[in-house]
Amino acid sequence: MPPGKGTSNSKVDHEEELKAVVLADSFDELFQPLALNKPRCLLPLCNVPMIEYTLEFLSSSGVHETIIICKSHSEKLQAYIKQSKWGHGGHSSMKIRIKVARTAESVGDALRDVDNDPGLRSDFILCTAMVVSNMDLSRLVAAHMANKRRDKDHIMTVLLQEASQTHRLRDKSDESVYLIDPCSNKLLGINSLPSLPRPKSISIQTDVLMSCPEVEMRADLVDTNVYMCSLPVLALFTENFDYQSMRRDFIHGILASDLLSSAIYAHVLSGTSTLAFEGPNSSSGLGGFSEPDATAAASDVEFDFISHSGYAAGVIDTAAYDAISRDLVGRWAYPLCPDSSPIDGSTYSYNRGCVYKAQSVFLGRESHVDRNVVLGPNSHVADFARVSEAVIGARCCVGERSVVRGSYMFDDVTIGKGSTVEQAIIGERVSVLDNVVLERGCVVGDDVTLGPNVRIPAFTRIARKKPQSTNVFSDDDMDSYSEDDNDEGDYKQGPSIKPVHRDTANSSSPFSTTNSAGIEPFDTGILGSAGVGYVWSKISQTDDDDDDNYTADIEDIILRQLRTIGSSFADIELAETDLRDDVSDGLSADQEQVVDSVSSMEVFERELRLTVARAFEKDHSVEDAAFEISNVRLSYNGDQNDMRRIVIQEILGNINMGELPTSAKNVLSRWGGIIQKCISSRIEQVDAIGIVERYCALDPTVDDNLRSRLFRQTIPLLYEFDIVEDLAVIAWYNKAVDRPGDNVSQELVQKLEVFVDWLNESDEESGQSSEESDDE
């Protein structure tokens with residue numbers, strides 16, 4: 001163990017005040033161009049600066065002093081803290097100190113600057129400034145101290161959150177497997193592999209398997225970016241300049257080292273909190289390092305709230321930003337939700353369907369605001385506009401007949417008439433003119449103008465400033481691309497983004513329009529005739545690039561895309577297929593299509609099937625499931641008929657064939673409403689019956705001996721639960737009988753004969769009763 005301020009077996013004074021080190025910079029480009037003009041931690045999350053969630057989390061847990069380490073736009077962060085409630089001293093006893101690391105180029109550099117801080121004399125909390133959590137840190141501190149008493153080599157406890165393979169909090173660009181000793185929660189190893197190309201195996205050192213009687217391999221854990229550290233952690237960073245990032249370099253390096261005996265333990269949050277809608281927030285503070293009372297505050301809880309260890313997540317990229325925003329709006333991180341904002345004076349009213357309205361919100365009489373929406377102060381939604389699954393900032397306006405879905409608009413954004421914004425993030429003071437379509441994954445920086453009458457391709461990044469570097473994105477090179485510490489947000493030269501190539505010499509080119517300064521041409525060929533801004537392109541191949549390097553660059557871009565809002569797990573499979581096909585074809589001229597061709601029928605079908613599966617797995621309500629299904633169709637521009645077919649197939653696939661007819665009745669009574677919401681006319685009812693017939697006749701998962709029985713029992717249940725009408729059943733049956741060659745199983749048709757006869761008799765009796773009542 002190298003010498004440092006303390007040794008790994010030193011005991012922490014229980015009277016020592018708990019302190020926290022907060023990293024305000026992440027030293028990557030995953031939020032660009034949104035963070036060009038301000039620190040990333042000051043970007044709004046549900047209309048609240050992200051750092052507020054972190055400071056509230058630390059303060060409520062009893063942290064006495066927080067040291068914020070920052071580099072980019074440090075003056076703006078200092079000014080914000082000074083004017084906020086944290087700078088006044090009356091809100092909380094937690095002290096805040098800002099330390100500017102002007103020369104830091106990585107997380108490791110920032111922590112090396114902290115190593116000599118005289119204020120840190122004992123174990124401390126380490127986290128980023130973009131952490132959202134409702135947990136009490138006393139549990140993490142208690143676990144850390146218990147580990148130190150058992151293991152003299154213990155230096156760190158990592159906070160991990162359980163999340164299934166398809167959970168929205170998971171990093172879709174990374175396949176991580178944690179090796180843990182289940183008896184002690186000691187972390188034995190981490191295997192982190194990129195999702196592309198998809199790993200088929202992992203390598204585990206034999207000494208890891210031999211070190212414990214039992215080893216857990218867990219692929220269901222997410223790093224929350226919260227760590228409890230002993231002082232030797234800082235000493236290790238100081239003595240090893242190869243440690244640049246926390247998990248990839250430091251944690252992996254410690255676990256894989258044959259020279260260091262240091263140990264790292266895991267503290268796993270077993271789940272998230274249940275929904276709760278009213279009642280005070282009761283939480284117990286830490287005070288110091290004393291052992292927490294497990295029963296404290298249990299009798300003080302006055303609301304319907306059950307904690308399964310708590311919620312913790314870090315906003316590491318725009319995909320995580322989207323996931324955590326949805327959790328906050330959907331109240332999965334209660335009491336962290338828009339109507340209990342950590343900012344004083346910010347008031348939102350909670351309405352049915354998780355719709356939150358601030359003061360002075362104007363909604364047109366014919367406007368439509370669906371579920372899971374936050375409407376900021378003085379926002380305006382015009383007539384016939386539709387907003388769903390979105391967060392709207394202050395003083396924003398959504399024009400007539402415009403649609404905003406799954407998107408985030410910062411303050412002072414204007415959406416013109418007839419425009420569509422789909423799973424995008426839009427910075428401050430952006431103007432989207434009339435008839436503009438922003439496809440999923442777009443990120444638009446501040447002060448940009450788009451339109452009119454244009455479609456912005458998926459995963460396009462647009463900024464008011466033009467990038468100055470001419471190198472290609474690479475995750476390995478991101479640390480060298482730094483936000484300069486000035487108000488203009490200029491860039492340092494270094495590996496970054498290659499700008500779009502165009503002929504700027506001719507001012508009459510359709511791809512260039514001179515801006516107000518007469519210096520830089522705006523990308524009006526892509527952004528529209530009135531467009532103001534520049535497109536940050538993904539990649540471009542030059543004559544000097546060989547195919548292998550170009551393919552690797554494509555893989556890097558796809559991995560970056562998977563960390564962007566609007567990405568899905570289905571994109572991984574499609575990207576892998578497209579990349580393999582493109583390489584086998586000798587890399588055609590349309591190589592960028594490998595990155596952008598993510599809206600095909602194949603992706604739509606996969607994503608839709610995953611959505612239905614998640615609804616069954618998490619027991620969503622019919623309304624929520626139908627809403628998610630509709631969003632998937634709209635996101636991928638899917639066909640209504642295809643959506644109906646896939647939904648029916650997935651629901652029928654959940655029927656237990658060994659428990660007919662009980663299972664069929666249970667499944668259709670619980671989930672048949674989703675099918676009903678996919679049907680809008682009697683013709684579509686007839687089509688739905690045909691889908692059921694094709695499934696029963698041809699699906700390979702249905703036993704041949706049960707096909708007729710399944711069909712004979714499913715159609716009457718669809719009628720019983722008002723999913724299809726009697727006239728639709730009769731119409732389908734008559735057509736099938738009259739045209740026996742129209743790809744219909746006559747064996748199944750015959751099984752429906754008795755039921756159709758009954759329907760006809762019922763119609764005749766109903767008609768006779770109506771005539772008799774008219775005669776009277």
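Helix H15 (residues 622-635) and helix H17 have axes that come within 9 Å and cross at roughly 40 degrees, in a right-handed sense. Axes here are lines fitted to C-alpha atoms, for helices over the stretch in contact, with angles running from 0 to 180 degrees between N-to-C directions. The two helices are therefore oblique to each other, since angles under 35 degrees count as roughly parallel, over 145 as roughly antiparallel, 65 to 115 as roughly perpendicular and the rest as oblique. A crossing is called right-handed if the near helix is turned clockwise from the far one by less than a right angle, and left-handed if anticlockwise.

Keep in mind that this is a predicted model, where local features need pLDDT of at least 70, side-chain atom pairs count only at pLDDT 80 or more, and totals for chains, interfaces and linings use all residues. Residues are numbered from 1 along each chain as its sequence is written, and side-chain values use heavy atoms, with hydrogens and water left out.

**Helices**

- Helices (H or I, at least four residues) and strands (E, at least two) are DSSP runs, numbered from the N terminus.
- H17 covers residues 662-677, and its 16 residues should span 22 Å at 1.5 Å a residue; the end C-alpha atoms are 23 Å apart, which agrees. The expected span is 1.5 Å times one less than the number of residues.
- H17 has a kink of about 55 degrees, centred on Trp671. The bend at a residue is the angle between axes fitted to the seven residues ending there and the seven starting there.
- Trp671 is also one of the buried residues of H17, along with Ser663, Ala664, Val667, Leu668, Gly672, Ile674 and Ile675. Buried means under 20% relative accessible area, exposed over 50%, and partly exposed in between (1.4 Å probe, protein chains only).
- Helix H1 (residues 50-60) and helix H2 (residues 74-83) have axes that come within 12 Å and cross at roughly 55 degrees, which makes H1 oblique to H2. H1 passes H2 in a right-handed crossing.

**Two open parallel sheets**

- Two strands pair if DSSP finds at least two bridges between them.
- Within that sheet, E23 (residues 397-398) and E26 (residues 414-415) pair in the parallel sense over two bridges, and Val398 stands opposite Ile415 in E26.
- Another open sheet of six strands runs E18-E21-E24-E27-E30-E33, again with parallel pairing. E18 (368-369) and E33 (454-456) stand at its edges with a single partner strand each, so one side of each is left without a neighbour in the sheet.
- E18 pairs with E21 (residues 386-388) in the parallel sense over two bridges, and His368 has Arg386 in E21 as its bridge partner.
- Arg386 is partly exposed, with a relative accessible area of 36%. The C-alpha atoms of Arg386 and Val398 are separated by 8.5 Å, with the two residues 12 apart along the chain.

- E8 (residues 154-162) is mostly covered, with eight of its nine residues buried.
- E8 pairs with E13 (residues 263-269) in the parallel sense over seven bridges; there, Thr157 has Tyr265 as its bridge partner.
- E8 also pairs with E12 (residues 221-229), in the antiparallel sense over six bridges, with Gln161 opposite Val222.
- Seven of the eight residues of E9 (residues 174-181) are buried, so E9 is largely enclosed by the rest of the structure.
- E9 and E11 (residues 216-218) pair in the antiparallel sense over three bridges, and Ile180 stands opposite Glu216 in E11.

- The peptide bond from Gln32 to Pro33 is cis, with omega near 5 degrees; Pro33 sits in the loop between E1 (19-23) and E2 (44-45).
- The Tyr334 to Pro335 peptide bond is cis too, with omega near 10 degrees, and Pro335 lies in the loop between H9 (318-329) and E15 (349-351).
- Phe459 isn't a glycine, yet has a positive phi of about 60 degrees. Phe459 is in the loop between E33 and E34 (461-463) and is buried, with a relative accessible area of 7%.
- Asp722, also not a glycine, has a positive phi of about 60 degrees. Asp722 lies in the loop between H19 (707-720) and H20 (726-738) and counts as exposed at 57% relative accessibility.
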